Amino acid sequence: MRRDPETRRRERSLPGPCLSRPAWRAGTCLAPEDSRWAMAAVAEGLEPETVAVEDAARDATDAVDAGLGVPPLLVGNRLSLDLYPRGCHRLLHLCAQQVRQLLEVEFLQLSGHEDAQLLQATLARLPWSLPRLRSLVLKGGQHRDALGACLRGSLATLPASLSGLTHLAHLDLSFNSLETLPACVPQLRGLSALLLSHNCLSELPEALGALPALTFLAATHNRLQTLPTALGSLSSLQRLDLSENLLDALPPEIGGLSSLTELNLASNRLQGLPASLAGLRSLRFLVLHSNLLASVPDGLARLPLLARLDLRDNQLRDVPPELLDAPFVRLQGNPLGGPSPDPHSPPGTPVVPEMPRLLLTSDLDSFTVTPLGCSVTLACGVRLQFPVGATATPVTIRYRLWLPEPRLVPLGPHDSLLSGVLELQPHGVAFQKEVGLWLLFVPPRARRCREVVVRTLSDNSWSDLETHLEEEAPKQLWARCQVPHFSWFLVVSRPVSDACLVPPEGTLLCSSGHPGVKVTFPPGATEEPRHVRMQVVHVGSRELPALLGEPEAAASPMLYLSQNGPPSFLRPVTVQLPLPPGVTGLSVDRSHLHLLYRALPAATWDDITAQVALELTHLYARFQVTRFSWYWLWYTTKTCVGGLARKAWERLRLHRVRLIALQRRRDPEQVLLQCLPRNKVDSTLRRLLERYRGPEPSDTVEMFEGEKFFAAFERGINVDADRPDCVEGRVCFIFYSHLKNLKEVYVTTTLDRRAQAVRGQVSFYRGEVPEEVPEEAEAARQKRGADAPWMATLPIKLPRLRGSEGPGQGAGLSLAPLNLGDAETGFLTQSNLLNVAGRLGPDWPAVALHLGLPYRELQRIRHEFRDDLDGQIRHMLFSWAERQAGQPGAVGLLVEALEQSDRRDVAEEVRAVLELGRRKYQEGIQRTSLAPGDLGPPGSSASQPPGPAQA
């Protein structure tokens with residue numbers, strides 16, 4: 001019985017949320033209004049679920065009829081509702097209105113985060129409302145938890161009527177809650193691509209073998225323990241990705257996949273491989289890293305088309321000789337040549353399995369740690385070792401490597417950053433045993449009286465962990481530490497730090513870097529034990545005389561003392577400092593000796609010589625204090641030294657650098673910008689000038705660790721691409737003395753280069769990009785000084801274009817619309833690919849081979865476009881991209897191929913485009929209220945790590 005609109009209106013006006021209606025079916029207690037709704041349903045002879053489905057469709061129609069309106073969602077034959085709130089309501093409304101354009105829709109996207117019951121009702125109507133549907137995307141993952149991880153969608157099954165989509169060729173159910181494969185899926189006989197990654201599947205049905213047209217199957221990040229034997233009957237299957245599961249064996253029938261070209265079984269528990277695997281004659285890529293393989297079939301080396309065999313991080317002690325020398329085989333992380341396990345163990349001796357080892361190849365990867373423990377190598381090179389029993393239950397670990405910036409890098413006044421910032425999640429989860437962490441870092445240039453430590457965020461404050469250094473190869477250093485929980489981690493170089501616990505009975509604290517520096521705590525200095533820390537900063541013998549213009553001036557090392565507890569001690573503490581070099585206590589002129597104290601928080605240096613009693617020995621000066629801070633002993637004829645001490649303090653923290661701007665010889669639009677220590681400039685230029693050319697480096701500039709600056713292109717030259725690190729055409733930098741302050745950008749001009757060359761320039765300014773940046777540097781150059789924003793200006797020349805050259809040389813192409821990638825990892829559009837093609841030049845054959853194109857195809861492209869280099873590049877790249885369209889991981893393959901072809905500059909440009917696309921995608925999600933507002937690194941919210949405590 002159909003209820004009239006007035007009845008429905010009265011029912012909707014009843015108090016209480018309509019979302020409580022399904023509670024009636026679950027057998028829970030109902031509110032009075034829900035009881036009335038349930039009785040009305042029974043009186044009409046309807047199941048409550050059916051009533052809810054009908055109400056959902058009617059509510060959608062009524063809402064639009066009431067004037068809410070629906071935006072123009074239909075674009076050609078595509079209907080994308082995954083980013084719209086209430087996407088199912090919108091689709092139901094379109095179905096109820098019988099919009100004619102629905103009959104032409106071939107591509108549909110819905111969010112897996114819709115209400116499960118409403119989603120089922122919407123999907124049930126698709127065969128009748130969208131009869132020509134060819135692609136259906138029902139992905140979750142648009143919502144994120146408090147830690148920034150993608151959440152699974154609510155989709156747990158599919159309606160049986162979905163099997164009526166006879167034209168469906170592409171089905172994406174990733175990031176959902178499927179525990180079994182819906183029965184309707186094997187009935188979709190025209191299906192060619194099935195994506196099931198990031199679900200909860202423990203098995204695949206035998207009926208899966210009834211999909212004769214299936215060419216691509218992805219079921220990564222599930223719980224698969226076995227595979228169906230019918231999998232071998234998928235004779236059309238070309239790509240199979242089952243990585244990140246729990247497989248310990250493969251069925252022999254897998255050898256029947258006669259068309260298979262790519263097989264990924266990484267990060268499983270495979271202990272052996274069936275011999276039938278050697279019968280996959282079409283196989284080109286076989287990825288088996290991070291398993292427990294002790295042997296591989298001999299026939300793998302004889303597969304005729306095999307271009308890559310990844311066997312890293314297994315238990316292989318011996319492999320066929322053909323594989324040892326093959327250039328396409330990767331065997332790192334195996335105990336090759338090692339002794340075999342003892343075969344003569346007594347009967348009944350339990351076999352202890354070796355710790356699983358994982359090798360992650362993507363920065364977007366996560367991994368699961370079980371109570372058995374594991375050893376993990378992240379894509380960024382970081383190593384983790386989870387001992388057996390570190391967790392009581394399986395824990396999913398996520399990670400990300402952040403680019404360093406001041407809010408993420410807590411540095412003291414004399415610290416230097418040696419690594420990026422690693423974030424490990426989930427934060428704050430305590431392990432039952434400490435986890436080993438190895439971080440790669442850049443070797444510090446200054447080592448005297450300095451040490452390398454791992455710094456981490458704990459209890460909303462930063463602390464340094466006990467760190468051990470390991471050298472694996474020349475200039476490849478690891479900082480190893482033990483961590484009880486996960487947070488942010490980075491490697492810094494700091495002055496040597498000594499600490500002790502001061503009891504009420506008193507104690508003595510000596511510096512390990514400067515034995516002459518001592519602090520004596522008398523009995524009764526404190527009532528409760530206090531932790532005290534000492535740092536000594538070495539001061540060069542030439543620094544102070546150069547600043548004061550006084551050859552006889554000298555200074556002792558700087559001493560920093562800190563403690564936890566009340567600010568003052570109950571009894572004076574005795575501090576001993578060495579006298580400045582060249583000064584002895586027997587002949588010193590006391591009027592020239594100054595004891596300086598850095599007052600906080602004003603950060604000024606005060607001369608306290610008259611306030612303390614300096615006791616001099618032959619080599620040392622002793623004095624007593626009750627408060628801790630910085631202390632510095634000077635010998636100078638100057639009388640007012642407080643201001644001079646502030647300048648000396650700043651100069652000790654400054655780094656002398658030079659700025660360079662070079663243009664690639666084969667592509668002048670590509671500009672390399674770099675900030676280098678002045679002693680590294682000559683060697684760097686000798687290495688770069690084979691591929692680049694440009695003006696002389698800038699004059700010496702002084703910069704602080706962590707200081708922001710930016711590059712502005714001027715006189716008709718602009719940045720060509722929209723980049724995450726680019727604000728209003730200005731490229732932003734943050735200076736860290738030991739890291740590569742280097743960026744490559746592509747520039748363009750609005751001037752006519754066919755008439756004449758464009759002579760522009762790039763200027764470097766201190767600070768963040770202001771709202772108004774001077775167009776030219778002449779005015780700023782006149783204000784050059786310590787506080788002036790302008791630092792340097794270098795010329796940039798774009799040569800005159802000749803013949804058919806020009807930025808619009810690909811404008812006449814007629815190419816099908818193309819988006820390579822996906823929303824989570826980022827898209828490359830047709831325009832992006834044209835830019836990439838324009839950068840490759842003669843390097844394109846190497847890139848093509850690393851993309852997997854056969855050499856015969858390269859020869860054909862060269863012959864077909866033998867007089868057109870640009871045509872060769874574009875045809876290669878776009879023909880490959882069209883074959884990869886809709887396939888996951890395609891963009892990653894392109895970036896990897898560019899890096900392997902020594903075109904890291906283009907790879908970085910692609911990464912910048914992807915990062916910008918991901919940012920815009922997340923902003924779009926936020927605008928449609930589909931995600932929490934904080935998707936980035938810790939910022940101004942409560943989750944932001946606090947800044948470093950300034951001494």
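## The chain as a whole

Welcome to this structure, whose protein chain holds 18 helices and 50 strands. Keep in mind that this is a predicted model. The chain has 951 residues, and 49% of them count as buried.

Its accessible surface comes to about 44800 Å², with carbon and sulfur atoms contributing 52% of that area.

## A sheet of five strands

Five strands form an open sheet in the order β44-β45-β42-β47-β48, and their pairing is antiparallel. At the edges stand β44 (726-727) and β48 (790-798); each has a single partner strand, so one side of each is left without a neighbour in the sheet.

Further in, strand β42 (residues 708-714) pairs with strand β45 (residues 730-734) in the antiparallel sense, over five bridges. Here Phe-710 stands opposite Cys-732 in β45.

## A visit to Trp-438

Now for a single residue. Trp-438 lies in strand β20, which covers residues 435-441. Is this residue buried or exposed? Trp-438 has a relative accessible area of 14%, below the 20% cut-off, and therefore counts as buried.

What does Trp-438 touch, leaving aside its neighbours within four places in sequence? Its contacts are Val-382, Arg-383, Gln-385, Glu-470, Trp-478, Ala-479 and Arg-480. With Glu-470 there is also a polar contact between the two side chains, at 3.1 Å.

Leu-477 sits 39 residues from Trp-438 along the chain, and the C-alpha atoms of these two residues are 9.5 Å apart.

Methods
Residues are numbered from 1 along each chain as its sequence is written. This is a predicted model: local features need pLDDT of at least 70, side-chain atom pairs count only at pLDDT 80 or more; totals for chains, interfaces and linings use all residues. Side-chain values use heavy atoms; hydrogens and water are left out. Helices (H or I, at least four residues) and strands (E, at least two) are DSSP runs, numbered from the N terminus. Buried means under 20% relative accessible area, exposed over 50%, partly exposed in between (1.4 Å probe, protein chains only). Contact means heavy atoms within 4.5 Å. A polar contact is a pair of N or O atoms within 3.5 Å; within protein, one must be able to donate a hydrogen and the other to accept it, and residues adjacent in sequence count only if both atoms are side-chain atoms. Accessible areas come from the Shrake-Rupley method with a 1.4 Å probe; for residues, only the protein chains shown count as cover. Two strands pair if DSSP finds at least two bridges between them.
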